[in-house]
Amino acid sequence: MRRVTKIYKGNVYALEDVTLDIEKGEFAFLVGPSGSGKSTFIKLLIKEEEPTSGQIYIADTNIDQLRKWKVPYLRRKIGCVFQDFKLLPHKTVYQNVAYAMEVTGKSRRLAEQQVPEVLKLVGLGHKLDAFPDELSGGEQQRVAIARAFINRPPILLADEPTGNVDPSLADGIVRLLERINQAGTTVIMATHDKAIVNAFRKRVIALENGRIIRDQDRGVYGYE
Amino acid sequence: MNKIAYFASETWASLRKNLILAVAAIAVVAVSLGILGMVVMGWNMFSNMIKNAERKVGEVDIYLSDLTTEEERAAIEAFLVGIPEVDPTKVTYKTKDQALEEFKERFKDQPELWEYIDENPLPNSYELMTKDPKDVGLVVGKINNEAPFRDRIEDVKSASSAIEKLENIFDKFRQIGIVGVIALAVIAVLLVSVTIQVAIFARRREIGIMKLVGATNWFIRWPFVLEGISEGLVGSAVAILVALAVKVWILDKLIDNLQFLRLSLSPGLLAVLFPCMVLGGVVIGALGSAYALGRFLEV
């Protein structure tokens with residue numbers, strides 16, 4: 001992913017004149033207080049929102065010019081994890097993850113092979129048949145990460161993935177994302193969890209009122 | 001194969017969840033298509049009756065005024081025999097006395113109809129047959145426009161003028177029927193779209209997640225389209241059953257019992273009508289879901 005340039009305007013300036021590059025294989029924290037534009041940033045990348053002006057390039061493709069019917073194929077290349085997990089309550093852990101394969105037209109047999117594998121990777125190999133509400137927040141988020149990762153996307157976006165997770169387990173979630181990153185996936189994680197950012201020492205992009213106020217490698221959360 | 005099973009199970013689950021609404025939508029589809037079927041069958045039966053009647057009846061009656069003189073009558077007769085479409089051997093003069101005798105004969109079981117008549121109210125008349133029954137209208141027109149002593153001719157009647165009146169009445173019925181069918185079809189489309197909207201709303205969370213993991217638009221839409229179409233299909237099946245019942249228990253009885261009317265359904269009518277009704281159901285269902293998807297499913 002390179003040359004992400006966007007100017008997002010409206011009555012509310014969610015993002016203003018933001019220009020940045022994130023290289024393939026990077027792990028970046030997107031930090032800032034609520035309303036600083038972190039979520040907008042993520043929504044723009046998966047084309048859930050359109051920029052008012054400016055361009056966004058993913059893998060050298062300008063996603064503004066992407067035809068509408070191609071958007072789903074863009075999203076298959078980007079795994080997403082959210083604060084509220086977005087799991088289907090009436091499906092089991094296995095079914096929730098397999099769903100992402102089903103929807104993209106993969107065969108059932110392939111799902112039967114890969115889903116347990118990925119769930120083992122996230123440490124839930126023994127809970128295939130549990131329902132989401134039988135799991136802790138941390139476990140549910142692991143399911144969500146497994147679902148985001150099942151199709152091996154080159155990019156993984158995480159919007160406050162530790163927001164609804166017990167602080168003692170948050171560390172494990174980010175460690176999981178780090179492992180996914182080490183396997184070659186670009187990871188962008190929006191968060192306002194200072195302890196996590198400071199502990200992992202990754203690139204930190206700080207947003208405030210829709211502007212980038214700081215961008216440093218191996219950074220810390222910064223100001224109080 | 002995998003996909004078809006997936007769509008079918010999604011459609012069935014959704015239909016079951018909104019059972020009441022789905023039943024209402026199916027009922028309206030059935031009513032609109034059922035009325036369509038009945039209008040078509042009724043119309044077909046009636047127009048066959050007319051055709052049969054017209055084929056048989058080439059008769060025209062010309063009623064003369066009592067003031068008509070012998071010369072005038074002769075001139076009129078010569079004119080009638082001279083019309084090329086008229087069979088000259090079948091032009092007969094009937095005096096008012098003969099007419100009254102015929103009348104008495106015809107209603108001899110109801111003498112009260114003629115017992116108290118002191119003066120014969122029936123006119124002298126000509127009866128003629130055209131060579132070809134379908135020329136009746138033409139002949140009537142010629143008499144009306146070209147006959148000599150036109151003011152001595154009080155009335156020109158053919159079986160077809162009575163048929164024409166009937167035809168007008170039935171035409172009105174047909175028009176009302178068609179307007180009704182269209183109105184009901186529109187309501188059916190709207191109702192189907194409501195059920196689809198409810199289904200979309202019930203699954204909005206799932207739809208969001210599907211979009212998130214990269215489901216294509218059509219992958220998301222298909223179950224809803226199928227739901228609409230299956231409602232239309234079930235509705236048309238019900239309508240066909242109702243139309244069949246009407247045919248077997250009402251129309252066939254009418255045809256048997258009122259044989260003098262020569263009612264009949266064209267053979268092969270149902271083979272065209274029923275597939276059209278199924279098609280109508282599919283179209284209603286597809287339009288309903290397309291409307292709902294267009295308005296409520298942003299993909």
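Residues are numbered from 1 along each chain as its sequence is written, and chains are lettered from A and ligands numbered from 1 in the order in which they are written. In this predicted model, local features need pLDDT of at least 70 and side-chain atom pairs count only at pLDDT 80 or more, while totals for chains, interfaces and linings use all residues.

Reader: How many helices and strands does chain A have?
Author: Helices (H or I, at least four residues) and strands (E, at least two) are taken as DSSP runs, numbered from the N terminus. On that basis, chain A has seven helices and 10 strands.

Reader: What is the strand order of the open sheet of six strands in chain A?
Author: Two strands pair if DSSP finds at least two bridges between them. Strand 6 and strand 10 (211-216) of chain A are the edge strands, each pairing on one side only. Neighbouring strands are turned by 15° against each other on average, direction ignored; axes are lines fitted to C-alpha atoms, for helices over the stretch in contact, and angles run from 0 to 180 degrees between N-to-C directions. The pairing in this sheet is mixed, and the order is 6-7-8-3-9-10.

Reader: In strand 8 of chain A, which residue is the bridge partner of Ala28(A)?
Author: Strand 3 (residues 27-31) and strand 8 (residues 186-191) of chain A are parallel and share five bridges. Within this pair, Ala28(A) has as its bridge partner Ile188(A).

Reader: Which residue in strand 10 of chain A stands opposite Ile205(A)?
Author: Strand 3 of chain A runs parallel to strand 9 (residues 203-208) of chain A, joined by four bridges, and there Ile205(A) is the partner of Leu30(A). Strand 9 also pairs with strand 10 of chain A, in the antiparallel sense and over five bridges. In strand 10, the residue opposite Ile205(A) is Asp215(A).

Reader: Which residue takes a positive phi in the hairpin of strand 9 and strand 10 of chain A?
Author: Most residues other than glycine have a negative phi. The hairpin has two residues between the strands, and the positive phi, near 50°, belongs to Asn209(A).

Reader: How far apart are the end C-alpha atoms of helix 5 of chain A?
Author: The expected span of a helix is 1.5 Å times one less than its number of residues. Helix 5 (residues 137-149) of chain A has 13 residues, so its span should be 18 Å. The model agrees, with its end C-alpha atoms apart by 18 Å.

Reader: How many residues of helix 5 of chain A are buried?
Author: A residue is buried if 20 or more other C-beta atoms lie within 10 Å of its own, exposed if 12 or fewer, and partly exposed in between, with C-beta atoms placed from the backbone. The cover of the buried residues includes strand 6 (78-82), helix 3 (93-103), helix 4 (108-121), strand 7 (155-159) and helix 6 (167-182) of chain A. Helix 5 lies across strand 6 and strand 7 of chain A, at about 165° to strand 6. The number of buried residues in helix 5 is 12 of its 13.

Reader: Is Arg152(A) buried or partly exposed?
Author: Arg152(A) is in the loop between helix 5 and strand 7 of chain A, and has a positive phi of about 50° although it is not a glycine. Because 14 other C-beta atoms lie within 10 Å, Arg152(A) is partly exposed.

Reader: Which helix of chain B gives the largest share of the side that touches chain A?
Author: Two residues are in contact if their C-beta atoms, placed from the backbone, lie within 7 Å, and 12 residues of chain B are in contact with 15 residues of chain A. Helix 1 (2-17), helix 7 (204-212) and helix 8 (217-257) of chain B each give two or more residues to this side. The largest share, four residues, comes from helix 7 of chain B.
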